[in-house]
Amino acid sequence: MTGTTLKQGTGKELRRLLALLTSSIGETLGSLVGREMSVRPIEPELQEVEAYLGDLPKGCAVARGAMDKGYAGKSLLTLFEIPDAIQMAGLLMMTPEDVINQRRNKGTLEGEDAEAFGELGNVLYSGFGNVLREHVGNIDVRYQDHAVVKPGIDKDGVLGTTTLCVCGFRLKVGDGAESTGAIIVDQATVELWNKGPLEVVTSEAAPAAAAAPAAAPPAPRNDDESLESIPAAPVRGVLASYALHPDVFRMLRRSCRRVGLDLQRHGKGEVPNPAAHKNEIVLLDVPTGEDRRFDWCRRLKEIAETTKVVLLIHHPSRQRVTQAFLSKADAILGFPCDELQLSQKLTTLLGNAPPIAPAAPAAPAAPTPAEPPAAS
C-alpha cells in the first residue's frame, strides 16, 4: 500500500466518529433493503488520489454528499463495490433474485439500479447528518449525486485532488460474501473532526511525522436567512403543495422562491384533482399514517402524465420507499431534508422550462353609455 496509517494512540476522536458513521450505514441501509447488514470499520489511512486509484482493486459506486454550514464546499464520499451497489438497489426495488444476480455479473450500474442507488444515497446521508450534527456540531450533509470510479480512472473527478483520509470498512449484506467499501474525506476536514493533526506512520515504518496543521474552517453559512434575502428566480412553473407539516410549507416557500415556482397551497383535507394539475409539480407530504397519498400519486401519474409528483416521506423505510417507487413518483425525498436538496430536485424536474411571462393587465372596461330618458 502507498498510504500511511495513523500512529497508535492518535486519532482517537476520528476513530470514534468513524465507528458511528459506519454503524449508521448498516442501520439505515439495512432497514431499507430488508437484509441484515454488517459493516465493520478498517484502520483509516491517508492517501493521495492517484495512489488510491492505483491501489483500487475493482470498480466502485461513489455516493457523494455535500457538507454545509461550517464545512460548506466540502464533500463526504461513500464507496461501495459495484456488485454491492447493484444488489442493494435491486433489493430496494424488490427485483427478483435471479435478475439481481444477472446484473451483478454484468457489473454495470445503470438505469433503474442507478436511480435506486441515488435514493439509497438520500437515506444514507440523512443518517450521516444525524451523526455529524450530534458529534461534530456546526455541520450538515446531504446527498448530492453519484458516480463510478475504476482502478486508475476517475473520469468525473469525484475524488478531487487533495490528500484523502480513506476510512475503509468491510461490508456483508445478508448471506453474501464480504466485500470492502470506504468513507472518504479530505485530510484537513478529518483533522478538524479529530480536534488536532493526525500523526502517521509510513508504510515503510519510517519515523512518524506530524501532519500539517489543518486550515481554519470556512465561515459558517447563515442557515436562518430570511425569505426576502433569497433572490427571487424568474417563475418557470407552478408547484401545488399538499403539505401537512408546517415546517414543510416553510421550507417550500424558500425553495420555490429560489428555484422559480409559483407556490399554490392546498388545504389539509383537500384531495388533488389530476385535471387541475396538468403541467404542474405536485408535492405530497407523506407523514406516518397517510399512506393513501401514495394512491394519490399513482392516480395523478396515470391520469395526467405531464404532472410531476414529489413525495416527501417522513420516517422513510424500505416498505414506504418501495411504495413510492411503485406509485411512479418523479422524485422521492426523506423528511426532514435540507432545503437546498429539495431545490435541487425541483430544479431537475423543471428542466429547461422557460420563464412564464406575467399576465397582461386587463384593459379597463369601456363606460356604459347612458340610456336616453324614457319618453313621457
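Is glutamate 112 buried, partly exposed or exposed, and what is its relative accessible area? In this predicted model, glutamate 112 has a relative accessible area of 40% and is therefore classed as partly exposed.

## Salt bridges

A total of 21 salt bridges is found in the structure. One of them pairs lysine 74 with aspartate 186, with 3.3 Å between the closest N and O atoms. This pair connects distant parts of the chain, 112 residues apart: lysine 74 lies in the loop between strand E4 (60-69) and strand E5 (75-81), and aspartate 186 belongs to strand E8 (residues 179-186). The two partners fall into separate accessibility classes, since lysine 74 is partly exposed at 25% relative accessibility, whereas aspartate 186 is buried at 12%.

Another salt bridge brings together arginine 258 and glutamate 339, at an N to O distance of 2.8 Å. Here too distant parts of the chain are linked, with arginine 258 in helix H7 (residues 246-259) and glutamate 339 in helix H10 (residues 339-350), 81 residues apart. Arginine 258 has a relative accessibility of 27% and counts as partly exposed; glutamate 339, with a relative accessible area of 10%, is buried.

## Serine 255 in helix H7

Serine 255 is located in helix H7 and is buried, with a relative accessible area of 0%. Apart from residues up to four places away in sequence, serine 255 touches Glu339, Leu342, Ser343 and Leu346. With serine 343, the side chain of serine 255 makes a polar contact of 2.8 Å. The C-alpha atom of serine 255 is separated by 9.9 Å from that of alanine 232, which is 23 residues apart from serine 255 along the chain.

## Nonpolar cores

The largest nonpolar core comprises 69 residues, of which Ile25, Leu76, Trp193 and Leu311 touch the most other members. Helix H5 (residues 111-135) supplies the largest share of this core, 10 residues. Beyond its neighbours within four places in sequence, isoleucine 25 is in contact with Gly30, Met37, Val39, Thr78, Phe80, Leu124, Phe128, Phe169 and Ile183.

A second, separate core holds 20 residues, including Leu261, Leu346, Leu349 and Leu350. Leu346 is also among the residues that serine 255 touches.

## The parallel sheet

An open sheet is built from 5 strands in the order E12-E11-E13-E14-E15, with parallel pairing. Strand E12 (261-265) and strand E15 (331-335) stand at the edges; each has a single partner strand, so one side of each lacks a neighbour in the sheet. On average, neighbouring strands of this sheet are turned by 20° against each other, direction ignored.

Strand E14 (residues 308-314) runs parallel to E15 and is joined to E15 by 5 bridges. Isoleucine 313 has glycine 334, in E15, as its bridge partner. Helix H9 (residues 318-326) packs on the sheet and touches strand E13 (281-286), E14 and E15, its direction making about 170° with that of E14.

Methods. Residues numbered from 1 in each chain as written. Predicted model: local features only at pLDDT ≥ 70, side-chain atom pairs only at ≥ 80, totals over all residues. Heavy atoms only, no water. Salt bridge = Lys/Arg side-chain N within 4 Å of Asp/Glu carboxyl O. Helix = DSSP H or I, 4+ residues; strand = E, 2+ residues; numbered from the N terminus. Buried < 20%, exposed > 50% of the residue type's maximum accessible area, 1.4 Å probe, protein only. Contact = heavy atoms within 4.5 Å. Polar contact = N/O pair within 3.5 Å; in protein donor to acceptor, adjacent residues only side chain to side chain. Core = buried A, V, L, I, M, F, W, Y, C linked by side-chain atoms within 4.5 Å. Pairing = 2+ DSSP bridges. Axes fitted to C-alpha atoms, helices over the stretch in contact; angles between N-to-C directions.
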